[in-house]
There are 2 protein chains.
Amino acid sequence: MNELPDDQKAIGIFDSGIGGLTVVAEIFRALPYEKVIYFGDIAHLPYGSKSRNAIRKFSLQIVRFLLRFPIKMIVVACNTASADAIDLLQDTTDLPTIGVVQPGAIAGVKSSKNGRIGVIGTTGAIDSGAYQRAIRDRRPDVEIFARDCPLFVPLVEEGWLDHDVTYQIAERYLYDLKINGIDSLILGCTHYPLLKTVIGKVMGPGVSLVDSATETAKEVADTLDELDMATSLPIPPSHRYYVSDFSPYFKRIGELCLGRPLHHVIRVDLDQPDNIFDDFDHVSNIIN
Amino acid sequence: MNELPDDQKAIGIFDSGIGGLTVVAEIFRALPYEKVIYFGDIAHLPYGSKSRNAIRKFSLQIVRFLLRFPIKMIVVACNTASADAIDLLQDTTDLPTIGVVQPGAIAGVKSSKNGRIGVIGTTGAIDSGAYQRAIRDRRPDVEIFARDCPLFVPLVEEGWLDHDVTYQIAERYLYDLKINGIDSLILGCTHYPLLKTVIGKVMGPGVSLVDSATETAKEVADTLDELDMATSLPIPPSHRYYVSDFSPYFKRIGELCLGRPLHHVIRVDLDQPDNIFDDFDHVSNIIN
């Protein structure tokens with residue numbers, strides 16, 4: 001499996017479930033010829049309600065699975081796993097391993113002029129303090145206003161991307177950030193880019209929205225360039241999507257996040273990764 | 001472990017996580033001297049986004065764990081597991097095994113005069129058609145209006161039990177049920193009893209709300225009586241709560257559902273059930 005030259009290897013990406021596909025979408029945009037192998041840990045989603053130990057265990061298991069393929073890089077497209085397990089993963093493999101927290105935090109710092117930075121995410125991500133630490137590491141003098149927005153993910157999954165109720169909830173969640181005069185707001189959850197319109201209208205034109213997914217895709221492109229690992233073949237690749245369980249909603253929400261149709265979805269039992277269940281017909285049955 | 005007489009054995013109850021504690025609360029009210037051993041499968045919550053096969057596997061594993069204790073009955077305090085796995089569990093054990101779907105459906109049928117019955121639940125529960133089938137089995141001539149309400153659980157967990165936004169979302173979800181003139185509405189999700197005030201106001205006084213948790217507790221009491229298994233000792237028992245993972249929100253949301261403080265919470269790894277982690281101090285640390 002190591003016969004392929006680095007540039008022709010794939011990028012291994014994982015998330016606790018479906019939201020990480022917004023990061024994949026940005027990587028597709030930035031790097032249209034890179035092959036992606038995605039793993040969505042639907043059996044364990046959402047990570048936000050699990051313990052740190054559990055998340056480290058799941059992340060390690062997933063990376064071990066991804067390492068069965070010829071990959072050149074690992075992208076942790078999940079805020080919780082980035083916060084809780086990136087150090088462990090970086091110790092486990094020699095491959096460049098990129099999470100979503102660092103690129104988002106760095107872009108947030110860069111885009112703020114007044115040094116008042118907001119960050120929103122799930123309760124788990126905000127409570128972990130990972131963005132807050134990453135921001136302060138970069139620029140210790142900023143003021144950070146963090147807020148969890150637990151209803152945003154279910155609102156996205158309900159498809160209420162531009163609904164009255166979504167505006168009202170956003171007004172409530174973002175009120176403190178607004179009155180504190182932030183000029184940069186990090187969207188610290190993979191689902192949130194789908195609420196950009198609502199969040200942008202609520203925050204007003206003076207606040208830059210920093211999309212961790214876009215920033216992560218830039219970081220992936222830069223790293224591949226630096227390490228001379230970017231593909232030299234301008235051939236549209238076929239990607240692969242693995243999941244630890246089938247959810248009837250994977251296709252609908254997945255295509256919403258990815259912005260294109262989802263094909264080649266394969267279920268695999270991480271406890272027995274040799275048993276790969278290529279159940280695409282079954283998926284088609286349950287999801288169509 | 002089988003030395004105890006039946007009446008002194010405990011009731012084993014499980015749920016995908018925390019919501020099943022509303023069923024426990026009703027059992028405490030109806031049967032204050034029965035000992036409860038609860039299992040919350042936090043490592044796998046929510047079941048609604050998992051496949052039927054996964055839910056059957058988890059349910060079986062949990063029941064095998066509960067059978068390590070001297071128990072006299074199994075209560076499946078989870079709508080998804082009741083829908084997907086009750087037949088399997090009833091085949092697996094000789095103990096009386098009660099789910100939340102049947103008692104709720106039967107009470108819904110009883111309380112309807114006009115034969116127009118509504119049922120609400122998570123998308124998984126509604127799509128499974130379990131309540132719809134249970135209602136029709138009892139009374140084939142009724143008209144059933146089913147609706148999934150995916151934002152209700154996150155609204156409860158956010159604590160917005162009486163919030164403007166909750167009313168607006170309820171108005172939207174329940175609109176079709178209202179205009180179709182139902183006179184009985186089954187709350188087919190363990191979290192929904194906490195939204196009774198909102199749902200009651202939205203539906204108006206002509207609609208009876210059927211709480212599956214209350215109905216299940218009645219069924220438990222009746223079954224214990226019939227089988228002569230009810231405890232004869234009027235001693236307040238100490239209950240036990242096992243979870244497959246610790247969530248920092250377990251205590252807050254758990255106490256909301258249970259209506260009383262939660263003690264004796266123990267984490268156990270179902271893959272290695274001999275390793276019981278009595279991490280109560282750890283829980284106290286992370287949840288206080």
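The following dialogue reads selected features of a predicted model.

Student: How many helices and strands does chain A contain, and how compact is chain A?

Tutor: Chain A has 12 helices and 11 strands. Its radius of gyration is 18 Å, close to the 19 Å that the globule rule gives for 288 residues, so chain A is as compact as a globular protein of that length. Along the principal axes, the C-alpha atoms of chain A fill a box of roughly 55 × 40 × 40 Å.

Student: What share of the residues in chain A is buried?

Tutor: Burial is judged by counting neighbours: a residue is buried if 20 or more other C-beta atoms lie within 10 Å of its own. In chain A, buried residues make up 55% of the 288 residues.

Student: Into which domains is chain A divided?

Tutor: Domain 1 of chain A covers 6-99 + 216-287, and domain 2 covers 102-213. Their C-alpha centres lie 24 Å apart. Where the two domains meet, domain 1 contributes 23 residues and domain 2 contributes 18 residues.

Student: Which helices of chain A supply the side of domain 1 that touches domain 2?

Tutor: Helices H1 (21-30), H3 (79-92), H10 (212-226) and H11 (250-258) of chain A each supply at least two residues of that side. The largest share, five residues, comes from H3(A). By class, this side of domain 1 of chain A has eight nonpolar, 10 polar and five charged residues.

Student: Which residues of helix H9 of chain A are buried, and where do they lie around the helix?

Tutor: In helix H9 (residues 196-203) of chain A, the buried residues are A:Val198, A:Ile199 and A:Val202. Viewed down the axis of H9(A), these buried residues fall within an arc of 95°, so they line one face of the helix. Their cover includes helix H8 (164-179) and strand E8 (208-211) of chain A. After H9(A) comes A:Gly204, which has a positive phi, near 90°.

Student: How many residues does each chain give to the contact between chain A and chain B?

Tutor: The contact takes 21 residues from chain A and 21 residues from chain B. On the side of chain B that touches chain A, the elements giving two or more residues are helix H7 (152-158) and helix H8 (164-179) of chain B. This side of chain B comprises 12 nonpolar, four polar and five charged residues.

Methods:
Residues are numbered from 1 along each chain as its sequence is written. Chains are lettered from A and ligands numbered from 1 in the order in which they are written. This is a predicted model: local features need pLDDT of at least 70, side-chain atom pairs count only at pLDDT 80 or more; totals for chains, interfaces and linings use all residues. Helices (H or I, at least four residues) and strands (E, at least two) are DSSP runs, numbered from the N terminus. The radius of gyration is taken over C-alpha atoms; the globule rule is 2.2 Å times the number of residues to the power 0.38. A residue is buried if 20 or more other C-beta atoms lie within 10 Å of its own, exposed if 12 or fewer, and partly exposed in between; C-beta atoms are placed from the backbone. The arc is that of the directions from the helix axis to the C-beta atoms. Two residues are in contact if their C-beta atoms, placed from the backbone, lie within 7 Å. Ala, Val, Leu, Ile, Met, Phe, Trp, Tyr, Cys and Pro count as nonpolar, Asp, Glu, Lys and Arg as charged, and the others, Gly among them, as polar. Domain bounds come from an automatic or database domain assignment.
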